[in-house]
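The following note is intended for a colleague who is meeting this structure for the first time. Please read the numbered points alongside the sequence and the model.

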Amino acid sequence: MEAATVTLMQSPFAVCKASNSISRSRNFTSTCSRFVNFGTNFGLSIKHQTSIAKSKVGERRLNYGNRRFPLVRASLTPNSGGSSAPIAPLQLESPIGQFLTQILASHPHLVPAAVEQQLEQLQIDRDAEETADKTAEESSETGTDLVLYRRIAEVKANERKKTLEEILYALIVQKFMDASVSLVPSIIPSAASDSSSQVDSWPSQDEKLEQLHSPEAYEMIQNHLSLILGNRLADSTSVAQISKLRVGQVYAASVMYGYFLRRVDQRFQLEKTMKILPDKLDEESNNIETKPLGGGQSLQGAPSHPEVSSWAGGISSTGFGAGVKNSRLRSYVMSFDGETLQRYATIRSKEAVSIIEKHTEALFGRPEIVITPQGTVDSSKDEVIKISFGGLKRLVLEAVTFGSFLWDVESYVDSRYHFVMN
């Protein structure tokens, strides 16, 4: 699969094309500029209870192509009240995806072993198709037969791609479950609910999420939160009215920031362990100029991933240094040349791009957006939600952690089933 550098337009939360150049002044792009406007209205809370249904392993087996594996049947426990909340916002659809979903609900510790088996089978299927492709091209089949054969091969390749995406997603969910962190449920109001109610009622898990990152990476995450929430970072109870589309865009940008951050932090930690970090790193950290973020209740700039610079219409005048604190990891990133920074800012696979889009859409829903004849976006039908600043912080922390896990599982799966292009 080629690196994900093309602009995707299927979703309002699509991952945009990486910018062609990175400013030599070491300023990152303020990507979420003008995304979130905070109001002062308060709303009612809607309680949400999450539970995982226990399941029993059935005797029947499920066939998928040439593979066979036991079918795990989910069954509700007597005290479940007759319903159970989904483990994650995105519901997996492929046979293997549904199989992994059922394992997540019953025996999540078995997911890695199940994934290993499925990746082995995917590799066998891909090798068999490559051999068949060569045979078909060398044979004397008619043009019509060859076109039909290639079409069938394309359909199978798309099925494998979807299966691979759902394997990656299941591994991400399993990492959250291992950390005892429940994912935020879908923020999609039902017809019977009051649209003026506050959407967030999930418990704070800041401490658990903090422990999933290195101290240096968490400093960068705190800077990220400061730029998004401003002087409301310590205010967890006040409620704001926010466009759900823009919250979704901030969430997607934060996922990409987490992906980028885990990537550079791994290199930083390696060089730190080997004691080969640049000698002047601390000195450069002290010399970095910082600019305060404007007061009030509105966000005028958010940091994040250079990958989405086109969302803000180019390099922000405030840049990456606005309203952030000095840190060694930040100084380390600033020491990268433009080419290295561009490489680290690029999401490596189309599968990872698709996961970000689908997960964000599953979480916030697909908003109704109309492009006017003048080429502007008419978001008049966009829903405005009420959410506390504590809830917004929880969303951003989860998104950054999701992006970090995405990098981890992408690297893990690629080591067993190569799909990431160098």
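**Note on the predicted model**

1. N326 is placed in the loop that runs between α7 (281-287) and α8 (328-334); helices (H or I, at least four residues) and strands (E, at least two) are DSSP runs, numbered from the N terminus. With a relative accessible area of 35%, N326 is partly exposed. The classes are buried for under 20% relative accessible area, exposed for over 50%, and partly exposed in between (1.4 Å probe, protein chains only). N326 and E219 are 107 residues apart in sequence, yet their C-alpha atoms are 8.8 Å apart in space.

2. Residues are numbered from 1 along each chain as its sequence is written, and side-chain values use heavy atoms, with hydrogens and water left out.

3. The average pLDDT (the predictor's confidence in each residue, from 0 to 100) of the protein is 74, and 67% of the residues score at least 70. Residues 16-83 have a pLDDT below 50, and this stretch has 187 contacts in the model beyond near neighbours in sequence, a contact meaning heavy atoms within 4.5 Å. Residues 288-322 also stay under 50, with 115 contacts in the model beyond four places in sequence. Where pLDDT is low, the predicted coordinates should not be read in detail.

4. As to overall architecture, the protein has 11 helices and six strands. Of its 422 residues, 50% count as buried. Among contacts with a separation of 6 or more, 86% are made by residues 24 or more positions apart. The accessible surface (Shrake-Rupley method with a 1.4 Å probe; for residues, only the protein chains shown count as cover) comes to about 20700 Å², and carbon and sulfur atoms hold 51% of that surface.

5. How do helices α1 and α3 pack? Helix α1 (residues 95-106) meets helix α3 (residues 143-178) at an angle of about 10 degrees, with the axes 9 Å apart. Axes are lines fitted to C-alpha atoms, for helices over the stretch in contact, and angles run from 0 to 180 degrees between N-to-C directions. On the α1 side the contact involves I96, G97, L100 and L104, which meet T163, E166, I167, A170, V173, Q174 and M177 of α3.

6. Beyond four places in sequence, F402 touches Y169, I172, F176, V255, I355 and H359. F402 and G258 are 144 residues apart in sequence, with a C-alpha to C-alpha distance of 7.0 Å. D408 also belongs to α11 (residues 389-414) and is buried, its relative accessible area being 17%. Apart from neighbours within four places in sequence, D408 is in contact with K175, R262 and Q266.

7. K275 is in the loop between α6 (244-273) and α7, and with a relative accessible area of 77% it is exposed.

Conventions
This is a predicted model: local features need pLDDT of at least 70, side-chain atom pairs count only at pLDDT 80 or more; totals for chains, interfaces and linings use all residues.
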